[in-house]
Amino acid sequence: MQIIKTDVAIIGAGGSGLRAAIEIAENYPQLNVALISKVYPMRSHTVAAEGGAAGVVQDSDSLDQHFDDTVSGGDWLCEQDVVQYFVENAAKQLTQLEHWGCPWSRKADGNINVRAFGGMKKERTWFAADKSGFHILHTLFQTSLKHPKITRFDEHFCLDLVVEDNKIQGVVILDIAEGEAKLIQAKSVIMATGGAGRVYTYNTNGGIVTGDGMSLAYRHGVALRDMEFIQYHPTGLPGSGILMTEGCRGEGGVLINKNGYRYLQDYGLGPETPLGQPKNKHMELGPRDKISQCFWQEQQKGNVITGDRGDVVYLDLRHLGKAKINERLPFIRELAKAYVGVDPVHEPIPVRPTVHYTMGGIATDAKTATSLTGLYAIGECASVGLHGANRLGSNSLSELAVFGQLAGQQAAEYAQQTEHQATQPLQEKAQKIIARTEALLNSNGSEKMADIRQEMGDCMEEGVGIYRIQASMQKTIDTLAELKVRYQHIKINDKSSVFNTEFLYAIELGYLLDTAEAIAHSAIARQESRGSHQRIDEFNTRNDVHFLKHSLAYYQADKAPIIKYSDVTITRSQPAERVYGAASETKEK
Amino acid sequence: MSTQATHAQQAVVDKVIEIEILRYRPEQDEKPFPQGFEIPYHPDMSILEALQYIKDHLDSSVSFRWSCRMAICGSCGLMVNNIPKLGCKAFLRDYYPQKVTLEALANFPIERDLVVVMDDFIKKLEEIKPYIIPERDEKCLSEGTYQQTPEQMEKYAKFSMCINCGLCYSACPQYGLDKSFTGPAALALLARYNRDSRDAGSAERMKIVNQEQGVWSCTFVGYCSVVCPKGVDPAAAIQLLKVESSKDYLIGMFKPD
C-alpha cells in the first residue's frame, strides 16, 4: 500500500474543493494539498449549474435585503450568523472569480450584469449566460494549475476516512485505473463531495452525485443535519430530469398549464404580472419549493398536460424572442432541442419538478468545522446552515466560493498547528478498510444492484417527495430497511481491478442507501410543514414551538438512525409568515 | 408540439437495435474484440442510455465514463460508427435500423472498454498556462471587478466553451501521427486566455505556440471543429494563433532578443 503524507486532503474537486485548494496554495505556501476526486475535476457536478451566483452589487440593493430573502426563503431555519457572513462575502468572492478569469456576463459599459432570480427581492444574480457553473468550475480548475503545491489525485475514489485518537488523520483512496489503494495521511481533511440527488429516480443531477461524503462522515458519527429538506426544482425536462434554469424565468419566461393559464396566481404568488415584465418575488419569481408545490396542486386538479414522458406544464419563453434567448439562454435552447425536440424560440418547453438539491448535509459550525476534529465540510455535502428549509436559487454557487475560501483557511490553520501522528496505526486501519472493500468486491449474492437502485429511487419519490404523509413516509422507511438487507446480498460479476465501474457503483449504492435513510427518518420525525418539507396529513402547518430546530441524524449500524434536534441561531430576523406576491408588498408597508 | 413529442417518445417495444461494443479488459483480453448486444429500441434513447441499459441488464462488466448526461461535463466521448461523439448527445433514432458500433475514442490508448487514458490530454491542458497572468499592478479585490465590454468578451467567448471531452484530439490526424502536437483543445484554451483583455501572459504562451509542436504542426484539416459538440471551433483558434505566431517571427527578425 502506497502511503502519501500531505498536510490537507480535500475530497472532491468541484467548485468548493477547488476553491479551498487554491486558498491554501495561495496563502499557506508551505503546506501540501492533496486534491482527490473520483472524476477529473472539470466533470464535477458544479459544471451543470446554469443560472448564476448571488452577490449584492446594485446601489438599490443591500446586504440586509439579501439576508432577509435568504432567511425567509429558508423558512427561518437558517443559521442567521452564517447568512450574515455569507451575504457580506458573496460579492467579494465572486469578484475573486472574476479576477481569475470567470467570464461573467457584462453590461454594455463593461460592468458585471445581474439577473433576477426566484425569491430574491432585487436583481443580484451574477451569471455567465446559462453556463455559470461550467465557467466557475473551469476557471477554478484552470487557476488551480498555477499551484504546484496542489497534488491532484484524479479518478481516485474515496473508500473511507481514517480516524484515530478521535481525530481524522487521513483517507484511503482507490486509484480507479490501477485498482490500487493508497493511504493519504493528512493533518486535516475537507469534505467537498457534493450532494445526494441520485437517491431519487428523477433528478437534475449527474450520475456521480451519490452522497459519498455525507455517508462517510455520517458513518463516523458526524451528524447529518436537516436532511429532510430536499429541493425539487420546478423546471426539469420530463423523462431525463435535465435542468431548465430558473434564469429562464428570471429573464421573463412564464409557466402555463394545459389551458394556457398562468396558474401560479392561484397559489399566493399573484397577481399575474404582464408578459415580459417579471416582477421580483412574484409569480414565476417565487421560490422553488412553492412553485414545485403548485405543480402538484395543478396535477391534482387535472390541469397538467399528460404526455408520454409523464405529466408536464409548459415553460414558455417564446415572447423573449430569438435574440434574447440566444444571448442569455443558449444552453437551454440547445438542451431543449436535443432532449425533448423542442425549440423554445418557437414552442413552449414541457417541464416538471425534479429533485435538484440537498439543503441539508454534514453538520458544521459557522466556520465549516465538523464535530470530528480535523474534518471540515463545504458545498452541497455540508450543512453550514445557510439554506434552512429551502435554498434560494443562485445562493449555492456563491456558497462554494465563500465557504470554499473559509474552509481552506480553517483547515490550513489547523494543519499548521498539528503534527503528523505515527503512521503505523493508520496503516493498520487502512488495511482493515481495504480488506472490507475486497470482501465487497467478492460479493456473490443473488441481488441485482440495478433493481435495488431503482426501487430506492422510486420509494424516495413516493414517500419523501414534494408532499408527504405519515403512512407513505413509513412505507419508504420500511422499503429502505429491506433494501439495505438486500444490499448485503448483491452480486458483483466483475472482479477485475482496472476501471471496474460495477464495483464503484456498488460502493456508491451503499452511500446512497445510508443517505436515503437519513433523509426519510429526518422527514418522518419532523411533525410540521416548513419550506420544502410539506406534509398533507395532520402536520400541515409550521410549528415554531416544537420545530424551529435543526434535525440531526446519527448513524446506527444496522439500525434506524437516531434523530435529535438543535437550536437555530437567530440574530435579527424573528420567524414570521413567509409571503410572496401581493402579500409580500402588503407586509412591507 | 404534442404530436411531435408523442412521436418522438413512442416506445417501439417490439423493435430492437443492435449495438456492438469494442471490449478490452487488460487483465484478461489479449486484444480488443467486438461484442454484440440487442436492446429495445426507443427513438429518444441516447447512446449513453443504451450503454446504461446494457450495463444494468445485459453485461455489468462493460465500462464507460459518464456523469451529467446533458453534454456539459465532457465525460462520455466515444466513437460512434467511427465518428467521435458525446454518448449523451447522440441518439439511437439517427442510426436505427442499422447496427451501431461503439469504440473508445480514437488516438487515445484504451484503458479498458470505452474508457481511454486521458493523461496526455490533461497534461497538454496543464502546460499551456490556462489562467489569467495579470499585469504587474494587479487589481485588489476591494477595487472591484475588471471592466470588460461585451465586445471584449466576444473575442474569447467561443474558445472558453471547451468541455475538455477530447473529441477533437480523436478527430485530429496530426495528433494521431504525432502525440507531441499540443493539439486543438489546448491551443483553443491558450487562445482563450491570450485574447482575454484581463490577461498579460501572451508573450509567455506564444513560446508554446511558436514551437514546432505548437500551431505549426496543424495542417488545417479542420475536422476538430466539425466534431466539437460545443461549437468551440479550435481550428479557427489555431489559425488566429498562426497569424500571431507569424507576427512574432517577423518582429523577431527585425528585433532580435
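## Polar contacts between domains 1 and 2 of chain A

In this predicted model, 14 residue pairs, both at pLDDT 80 or more, are in polar contact across the interface of domain 1 of chain A and domain 2 of chain A. The side of domain 1 of chain A that touches domain 2 of chain A is made up of nine nonpolar, 11 polar and nine charged residues. Two salt bridges are also found across this interface. Elsewhere in the list of charged pairs, A:R115 and A:E251 join their side chains in a salt bridge, with N to O at 2.8 Å.

## How the domains sit together

Let's step back to the layout of chain A. Its domain assignment gives domain 1 (2-229 + 359-421), domain 2 (234-355) and domain 3 (443-526). Taken over C-alpha atoms, the centres of domain 1 and domain 2 of chain A are 29 Å apart. Their contact draws on 29 residues from domain 1 of chain A and 27 residues from domain 2 of chain A.

Together, these two domains of chain A bury about 2300 Å², with 51% coming from carbon and sulfur atoms. On the domain 1 side, A:E50, A:D130 and A:Y202 provide 27% of the buried area, more than any other three residues.

## Where chain B meets chain A

The two chains meet too: 68 residues from chain B and 71 residues from chain A take part in the contact. About 5800 Å² is buried between them, 52% of it on carbon and sulfur atoms.

Eight salt bridges cross the interface of chain B and chain A. A salt bridge links the side chains of B:E126 and A:R152, at 2.8 Å from N to O.

Definitions and conventions
Residues numbered from 1 in each chain as written. Chains lettered and ligands numbered in written order. Predicted model: local features only at pLDDT ≥ 70, side-chain atom pairs only at ≥ 80, totals over all residues. Heavy atoms only, no water. Domains from an automatic or database assignment. Contact = heavy atoms within 4.5 Å. Buried area = accessible area lost by both parts, 1.4 Å probe. Salt bridge = Lys/Arg side-chain N within 4 Å of Asp/Glu carboxyl O. Polar contact = N/O pair within 3.5 Å; in protein donor to acceptor, adjacent residues only side chain to side chain. Nonpolar A, V, L, I, M, F, W, Y, C, P; charged D, E, K, R; others polar.
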